[in-house]
Amino acid sequence: MGKGGKKRFLIVTGKGGVGKTTVCAAEATALALRGKRVLVAMCNAKERLSTMLGSDPVGSEVALVGKNIWAVNMDPEKALEEYGMMMLKVRLLYRAVFDNRYSRTFLRAVPGLHEWSMLGKAWWHTTERNANGSSRYDVVILDAPATGHGLDMLRVPRVIVDVVPPGLLRRDAEKAWTMFQDPAISGVVLVTLPEEMPTTETLELATALRDDLHLPLDRVVVNGVLPRLFSQKEREAFAGLGPLGEGPGDAALGAGWIRASREAMQAESLARVSKELAITPVQLPLLFEDAATPEGIRELAKLV
């Protein structure tokens, strides 16, 4: 990612609680340090990015949150209004079509439209241009919803392409879907933890992306990796320990057993990802000081 090539759109997703926003913040920081202009787009999320970047809280308007970094926390209703304005151009016409009780009731009943209003908005920002014709943002990073909701959101443009009659909505969905499937400019970043359940869910998500949606996997980021203290032989020795007593050395042995067990689980998880996805995962260390600080994000930005 940060050291990666020329991708313009990154979709970051994974199981809830694995640190997706942390990875988004680190990636944005790494790209910004390389001179890239980056937008982080969140999906109506509980906002934590501002704490990580040391900025003012991020709302529904695009705002500068650091050098070369902008962010927005997309509200689906507001995003839908913006999309309607983009399509219809004239505010009075927008109000006539969208801003009445009957239209709003109908729009709420359209499956996936709110998801598309946010996904489509994030995509639209990749098309924005400055007065001189250059891209307003070099990279847009979508902090997507967690696994199940994330997949549902990513399916929406394909559904629009398949079922919506020709028109502005389908035209934009086709453009976005084509971009999302192009591995030269887009990719999905899966974030996980070195634990059994998050790893299993990540492998299932990767399979769905490949076999169902045909979206390119940019990379897998494993968060919270402990530095290795024990060799495999030493971990096996700890695993073979019998019941511990209450002697002076038993507490130390117990702590060693816990650490060796975590390292064994971590090694197994990393090996599963590498083998089953044929990819070398990016490993981000467990920061014993809070990672959700500008200092912690700068450390992680060196590794993404």
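Begin by selecting strands E3 and E4, which form a hairpin with 2 residues between them; in the turn, Asn68 has a positive phi of about 70°. You are looking at a predicted model, in which local features need pLDDT of at least 70, side-chain atom pairs count only at pLDDT 80 or more, and totals for chains, interfaces and linings use all residues. Residues are numbered from 1 along each chain as its sequence is written, and side-chain values use heavy atoms, with hydrogens and water left out.

Strands and helices here are DSSP runs numbered from the N terminus (helices are H or I, at least four residues; strands are E, at least two). E3 covers residues 63-66 and E4 covers residues 69-74; the two pair in the antiparallel sense over 3 bridges. Pairing requires that DSSP finds at least two bridges between two strands. Show Ala63 and you will find Ala71 of E4 opposite. Then click on Asn68, in the loop between E3 and E4: its phi is positive although Asn68 is not a glycine.

**The whole sheet.** Now select every strand. Which order do the strands take in the sheet? The 8 strands run E3-E4-E2-E5-E1-E6-E7-E8 in an open sheet with mixed pairing. E3 and strand E8 (282-285) stand at the edges with a single partner strand each, so one side of each has no neighbour in the sheet. On average, neighbouring strands are turned by 25° against each other, direction ignored.

Axes are lines fitted to C-alpha atoms, for helices over the stretch in contact, and angles run from 0 to 180 degrees between N-to-C directions.

Keep both helices on screen: H9 and H11 pack at an angle of about 10°, with their axes 10 Å apart. That makes H9 roughly parallel to H11, a label given to angles under 35 degrees. To see the contact (heavy atoms within 4.5 Å), show Glu196, Thr199, Thr200, Leu203 and Ala206 of H9 with Met265, Ser269, Arg272, Val273, Glu276 and Leu277 of H11.

**Into the core.** Which residues have the most contacts inside the largest nonpolar core? Select Phe9, Leu142 and Leu209, in a core of 46 residues. Such a core is a set of buried Ala, Val, Leu, Ile, Met, Phe, Trp, Tyr and Cys residues joined through side-chain atoms within 4.5 Å. Buried means under 20% relative accessible area (1.4 Å probe, protein chains only). Beyond neighbours within four places in sequence, Leu209 is in contact with Leu151, Leu154, Val188, Leu190, His214 and Leu215. A second, separate core of 34 residues includes Leu10, Ala30, Ile69 and Ala292. Back at His214, in the loop between H9 and E7, phi is near 55°, a positive value in a residue other than glycine.

**A buried lysine.** Your next stop is Lys121, in helix H6 (residues 113-127). Lys121 counts as buried because its relative accessibility is 7%. Leaving out residues up to four places away in sequence, Lys121 touches Val72, Met74, Ala79, Glu82 and Trp116.

**Zooming out.** Buried residues make up 46% of its 304 residues.

Notes
Buried < 20%, exposed > 50% of the residue type's maximum accessible area, 1.4 Å probe, protein only. Parallel < 35°, antiparallel > 145°, perpendicular 65-115°, else oblique.
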